[in-house]
Amino acid sequence: MPATWKGSSVTSTTSDRVRRVDIPRVVATLRQALPPSAAPVALHEPRLAGNEWRYAKECLDTGWVSSAGAFVERFEKMLAEFTGARRAVAVNNGTAALHICLLAAGVRPGDEVIVPALTFIATANAVAYCGATPHFADSEMATLGMDPRKLEEYLRDIAEVKAGTCFNRRTGARIAAVMPMHTFGHPVDLDALNEVCQRFSLPMVEDAAESLGSYYKGKHTGNVGRLSALSFNGNKTVTTGGGGAVLTNDEELGRMVKHVTTTARVPHKWAFLHDQVGYNYRLPNINAALGCAQMEQLPGFLRSKRALSERYQRLFADVSGVRVVTEQAHSRSNYWLNNILLDAECADQRDALLQATNESGLMTRPAWTLMHRLPMFRECPRMDLSTAEDIEARLVSIPSSAVLGEGC
Ligand SMILES: *Cc1c(COP(=O)(O)O)cnc(C)c1O
């Protein structure tokens, strides 16, 4: 063993070198990175320090709290401007946004949609809402998101394109879309995935629920897919209490999404006319009011979150057995959630680490249970998922609220 290895971070056994994580040291390093606070530290809490009160009061004072009001349009404009997407349609949550993205991309009952196994449940649920089957793809270690090279190899093996439509030769089902997700705010390799999608005539939809403020090669995430979904749940970078949005650069799709998420009502002075089965997925004006106030603060949130991540990266550089997940050279992550990855040989210490941190008031969480392990998705088609399984086994999310980085 190199003499420079400190006894505190590496425990040697008598013969072979077994690297262990010094768990008390991880707890101490987290404490050192975070501002001193007696209260338990949450994983991600909202920061409501701007015009939230003022705008919400405006809604209350005027009575415009519900499904009509000026804040909805203002919020949509702010989102489109910030992301560079031609159109943003605000909806009541990110899951609804995903559902509508898939419907608008043409997903129909009986289809399959390729989604990562390593994702929040909403990604797979949205596919099921369409009567379609999620088909699980592996992640790559670098981005934690869908692996384009592995996807291509897999599709070469199982897929067949007939008259511009992609079929799964094993199940006979149409593969209707590919929906990668920008995991914890780290952009997937969009160019490579887009190429694979084009090669197999597959529309791409981006689950950008976690990546508001994340850029891939200088372009905001959510602009490569035909449509993409954002979430403004309470734990996301920007919150409206609950909410979401659909982004698209296709004006026609944008109009269609607005129509179908607002009960497909045909404009008329008084009559109730609806020209298709629509959804009441509207974002209430009072939530949009919060969203406008939050968007004003987004650049500040992103600065704080980056500062916090840099602090974690610096301090954990000296702790062996773990590393902080960082952005790729061509990407800019919003660092929505910071994560530490245990070395492969330390994976068996993940639960002890989760227990020690949570018991000392520092909230940490494992990665999501992979989708193919859940009872309702167990029988779904999937490729080899060994990297996703590896990430699941040794990833731990650590406190990441913007407020924690403000003093950095
Ligand atoms: C948060 C999130 C969603 C949407 O969640 P809602 O709570 O419905 O807003 C979708 N996908 C991923 C990956 C998410 O993290």
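Contact here means heavy atoms within 4.5 Å. Helices (H or I, at least four residues) and strands (E, at least two) are DSSP runs, numbered from the N terminus. This is a predicted model, in which local features need pLDDT of at least 70, side-chain atom pairs count only at pLDDT 80 or more, and totals for chains, interfaces and linings use all residues. Residues are numbered from 1 along each chain as its sequence is written, and side-chain values use heavy atoms, without hydrogens and water.

Q: Against which elements do the buried residues of α7 pack?
A: Buried means under 20% relative accessible area, exposed over 50% and partly exposed in between (1.4 Å probe, protein chains only). In α7 (residues 190–199), Leu190, Ala192, Leu193, Val196 and Cys197 are buried. They cover an arc (of the directions from the helix axis to the C-beta atoms) of only 165°, which puts them on the same side of α7. Their packing partners are α6 (148–158), β6 (175–178), β7 (205–207) and β8 (215–216).

Q: Which residues does leucine 151 touch?
A: A nonpolar core is a set of buried Ala, Val, Leu, Ile, Met, Phe, Trp, Tyr and Cys residues joined through side-chain atoms within 4.5 Å. Leu151 is among the residues touching the most other members of the largest such core, which has 58 residues. Not counting residues up to four places away in sequence, leucine 151 touches Ile114, Met146, Val178, Leu193, Val196 and Met383.

Q: How many disulfides does the structure hold?
A: A disulfide is a pair of cysteine sulfur atoms within 2.5 Å. For cysteine 101, the nearest cysteine sulfur, that of cysteine 130, is 9.9 Å away. The number of disulfides in the structure is zero.
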